[in-house]
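User: I'd like to learn how to read a few features of a protein model. Can you walk me through this one?

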Amino acid sequence: MNSNSQAVPAMPTARPHARVGPRASRWPARLDWLQSGSGLLLALFMWVHMFFVSSILLGKDAMWIVTKFFEGYFIFGRSFPWLVSMLVAAIFSLLVLHALLALRKFPSDQRQVRAFRDHASAMQHSDTSLWWWQVVTGFALFFLVSIHLYAMLTRPESIGPYGSADRVWSDHFWPLYLVLLFAVELHGGIGLYRLAVKWGWFAGPNPNATRKRLKTLKWALTGFFLVLGLATLAAYIRIGIEHAPHAGEPYTPAWVQPAAGPAR
């Protein structure tokens, strides 16, 4: 090497960037959490509500006690039906929130629907079919549940052994409730199953075996609540038919009625 030549300085090494491109938004994940949480609350409420409504199977007095409990009768000594309206309003708000969040995942046009059907036909996967049924039942529920909740919101005092039976039979709500029963049980059961799979609840060493057990449990619970719901609806129809000549009269148990005075 020539001693008179000057050393060429090394080019500075480019400093690597810590991040390439814009930062990914966390909102999709947050909205997924909100959708999952609201769906979980609604599904659990659905089951609890079914047990309360099915108290009619234990007798009119049992259903009357459940109704008056939510009206604050056993706390304040008198009924406040507006307490039920407040609860219904909260459930209605949660339903609207859940529906708005779920709309993000719905097919938005015929092209997307056709693409999904082609995909489902090629995959032949049961979970894909369950998702489609969840979309269909969810769409139906937004209208069916809204009718039911509006009636409960505006006429909470009509809830009771006779009032509910009159609504089912004399007011001709029984076809709506029959469709609503199947839609809500299918939608809620599928939703809970998909939540368990999505978030890894009850995950075991064998994912396929876990999914199979969860699906069996899902259908068992759906079958149980469908049988319970059909028996409950049949009980209200029977009471409604018997009470039709006196539709509109409230039910009061004999043990809370004021004692009759001396005959005159």
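This is a predicted model: local features need pLDDT of at least 70, side-chain atom pairs count only at pLDDT 80 or more; totals for chains, interfaces and linings use all residues.

User: OK, what covers the buried residues of helix 1?

Analyst: The cover includes helix 4 (82–102), helix 8 (174–199) and helix 9 (207–243). Helix 1 itself runs over residues 27–53.

User: Which residues of helix 1 are buried?

Analyst: General idea to begin with: an α-helix has 3.6 residues a turn, so residues three or four places apart point the same way. Here the buried set is Asp 32, Gln 35, Ser 36, Ser 38, Gly 39, Leu 42, Ala 43, Met 46, Trp 47 and Met 50.

User: And how far does helix 1 reach from its first C-alpha to its last?

Analyst: With 27 residues, helix 1 spans 38 Å, close to the 39 Å expected at 1.5 Å a residue.

User: Why does His 246 count as partly exposed?

Analyst: Partly exposed is the range between the buried cut-off of 20% and the exposed cut-off of 50%. His 246 counts as partly exposed because its relative accessibility is 43%. You'll find His 246 in the segment after helix 9. Its C-alpha is 9.1 Å from that of Asp 166, a residue 80 positions away along the chain.

User: How much space lies in the second largest pocket?

Analyst: About 390 Å³. Its lining has 24 residues, and the closest to the centre are Glu 157, Ser 158, Gly 163, Gly 248 and Pro 250. Helix 2 (60–70) and helix 7 (161–168) are the elements giving two or more residues to that lining, with helix 7 providing the largest share, 5 residues.

User: What's the lining like by class?

Analyst: The second largest pocket is lined by 8 nonpolar, 8 polar and 8 charged residues.

Technical notes: Residues are numbered from 1 along each chain as its sequence is written. Side-chain values use heavy atoms; hydrogens and water are left out. Helices (H or I, at least four residues) and strands (E, at least two) are DSSP runs, numbered from the N terminus. The expected span of a helix is 1.5 Å times one less than its number of residues. Buried means under 20% relative accessible area, exposed over 50%, partly exposed in between (1.4 Å probe, protein chains only). Contact means heavy atoms within 4.5 Å. On a 1 Å grid over the protein atoms alone, a cavity is a set of points where a 1.4 Å probe fits but cannot get out, and a pocket is an open set with protein on both sides within 12 Å along at least five of seven lines; lining residues have an atom within 4 Å of a point. Grid points are joined across faces, edges and corners, and a volume is the space filled by probe spheres set on the points. Ala, Val, Leu, Ile, Met, Phe, Trp, Tyr, Cys and Pro count as nonpolar, Asp, Glu, Lys and Arg as charged, and the others, Gly among them, as polar.
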